[in-house]
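Here is a report for a reader meeting this structure for the first time.

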Amino acid sequence: GAIARLGHSLDLRFLFREEETMTLIALNADVLVTMDAQRREIKDGALVADGPALLWVGATADLPAQYRRMADEGQAKVLDMRGKVVTPGLINTHHHMYQSLTRAVPAAQDAELFSWLQNLYMLWSHLTPEMIHVSTQTAMAELMLSGCTTTSDHLYLFPNGSRLDDSIAAAQQMGMRFHAARGSMSLGRSKGGLPPDVVVEEEEAILRDSLRLIQQYHDGSRHAMLRVVLAPCSPFSVTRDLMRESAVLAREHGVSLHTHLAENDNDVAFSREKFGLTPAQYAEDLGWVGRDVWHAHCVKLDPEGIALFARTGTGVSHCPCSNMRLASGIAPIRSMRDAGVPVSLGVDGSASNDGAHMLGEVRQAMLLQRVGHGPAAMSAREALEIATLGGARVLNRDDIGALAPGMSADFVAFDMHDVGYAGAGHDPVAALVFCTPANVSSSVINGRVVVEDGRLLTADLPVVLGQHRKLARSLFERAAGQ
């Protein structure tokens, strides 16, 4: 109506002020998937949130009288979830959001990891702060509409004055719960690394900026919307000294660590040739194991590495679409889970996926394990658990990933009337994963409605996408003119 149109033409933050101070009550969900300790799936489910936290979760019929009264008297915002399946917000633990500007680049369409990177590094060297900002908005919009409420982003190159602050500002505008990973590359080709020298930084400057970001932005409190992560890029793009120093700095300030590890055969061969170590041995040697560490991919993690990660609580971000796209292989997720390794899901960059649909990644995680290990290798509910509780564990958080009193008010709703779910009423929870991935009808992050009736409320998406298309063209033109 008129208010919705006003919100798109003026300042959406004005519309959110009242909502942020109101109790939020969601009612009548066909199924409410809690992911709590009992893994309850509540028919005709309901929940109550006040600010950033959930107060109550249960059956609609059991909603306490005080909340019914608040709903009847207009003292709470009420969301009718009839016909919907409600789940905890999905958690994305690995992404490169700037890559949404370089999807399906012809020169990199049919390449494995190392040649894929070599075809793209020089293109990315022309990124600008505006490109970082708008590509982050675009990537987050795609994630939010697909059911994601918490995301990490691994930004590891900073050309032309770009800073991690550019993506942080975008996240704050979009209203996503954000783990901003300060990536870095310091080992250029002239020193035996893979990236060209033009995209690497001096290590002293990297560590200095890492400390600045922690001091300026990191919030370690419960329900924090913004945390900083230290994330040297990979064994083939940074030195061992930078890995060690980053780990020391992170632990001095209580922030997590993240990097790429054991992504494909060439990655493993590089570690053996340069360091005389397997990727897992390399990580252990540098102090990169523990509950505060997670590694992306780990497609080629060997049995000894799996045992090490399980013993130390070291996390893995599984990126099935990217691993298939680059022909890296099938990560041994079944073995990792059975051993007790914390496993989460990541969409990875939109130049190696080439999408960022979080529910789609859940589906691919289930299907890929079945391709490798048989039809019972992963169930729909296990895949959904990896995308919720698994993500929370890998990010070292106990306040997201489940719907229970005291947890963060992050939840999403999928409309079971969507054509893709036709005939799937026998098990609507499994249908979320087995059927064609759908976008959400509603999304709430930190107690704030960010998607309503399938429409993103925190950005004028057509305007953002128009800017994004223009900047993507500009990026290619800048590269062509170098």
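## Arginine 240 and its partner

Arginine 240 is partly exposed, with a relative accessible area of 26%. The cut-offs use a 1.4 Å probe and protein chains only: buried is under 20% relative accessible area, exposed is over 50%, and partly exposed lies in between. The side chain of arginine 240 forms a salt bridge with that of aspartate 285, at 2.6 Å from N to O. A salt bridge here is a side-chain nitrogen of Lys or Arg within 4 Å of a carboxyl oxygen of Asp or Glu. This pair links distant parts of the chain: arginine 240 belongs to helix H8 (residues 240-253), aspartate 285 to helix H10 (residues 279-285), and 45 residues separate them. Helices (H or I, at least four residues) and strands (E, at least two) are DSSP runs, numbered from the N terminus. Aspartate 285 is partly exposed too, at 41% relative accessibility.

This is a predicted model, in which local features need pLDDT of at least 70 and side-chain atom pairs count only at pLDDT 80 or more, while totals for chains, interfaces and linings use all residues. Residues are numbered from 1 along each chain as its sequence is written, and side-chain values use heavy atoms, with hydrogens and water left out.

## More charged pairs

Side chains of opposite charge can pair when their charged atoms come close. The structure holds 26 salt bridges. One of them joins aspartate 241 and arginine 244, at 4.0 Å from N to O. Aspartate 241 and arginine 244 are 3 residues apart in helix H8, so about one helical turn separates them. Aspartate 241 is partly exposed at 49% relative accessibility. Arginine 244 is partly exposed at 33%.

Arginine 251 and aspartate 292 also meet in a salt bridge, at 2.9 Å from N to O. Here again distant parts of the chain are linked: arginine 251 sits in helix H8, aspartate 292 in the loop between H10 and strand S11 (293-297), and the two are 41 residues apart. Arginine 251 is partly exposed at 38% relative accessibility. Aspartate 292 is buried at 17%. Elsewhere, a network of salt bridges links Arg39, Arg334, Arg337, Asp338, Glu382 and Glu385.

## Helix H4

Helix H4 covers residues 113-124. At 1.5 Å a residue, its 12 residues should span 16 Å, and its end C-alpha atoms are 16 Å apart, which agrees. The expected span is 1.5 Å times one less than the number of residues. Glutamate 112 caps the N-terminal end of H4, with a side-chain oxygen 3.0 Å from the backbone nitrogen of phenylalanine 114.

Which residues of H4 are buried? They are Leu113, Phe114, Trp116, Leu117, Leu120, Tyr121, Leu123 and Trp124. The buried residues of H4 pack against helix H9 (265-275), helix H12 (320-325) and helix H17 (461-480).

## The nonpolar core

The largest nonpolar core has 146 residues, and Trp116, Trp124 and Phe411 have the most contacts inside it. Helix H5 (residues 129-145) gives the most to this core, with 9 residues. Such a core is a set of buried Ala, Val, Leu, Ile, Met, Phe, Trp, Tyr and Cys residues joined through side-chain atoms within 4.5 Å.

Tryptophan 116 has contacts (heavy atoms within 4.5 Å) with Gln99, Ala108, Ala111, Trp124, Arg325, Leu326, Ala351 and Ser352, leaving aside neighbours within four places in sequence.

All 5 of the 5 residues of strand S5 (residues 84-88) are buried, so S5 is largely enclosed by the rest of the structure. Strand S1 (residues 23-33) runs parallel to S5, joined by 2 bridges. Two strands pair if DSSP finds at least two bridges between them. Valine 85 in S5 is the bridge partner of valine 31. S5 also pairs with strand S14 (residues 411-415), in the antiparallel sense over 5 bridges. There, valine 85 stands opposite phenylalanine 414.

Serine 441 lies in the loop between helix H16 (428-434) and strand S15 (442-445). Serine 441 is buried, at 11% relative accessibility. Not counting residues up to four places away in sequence, serine 441 touches residues including Lys84, Phe414 and Asp415.

Definitions and conventions
Polar contact = N/O pair within 3.5 Å; in protein donor to acceptor, adjacent residues only side chain to side chain.
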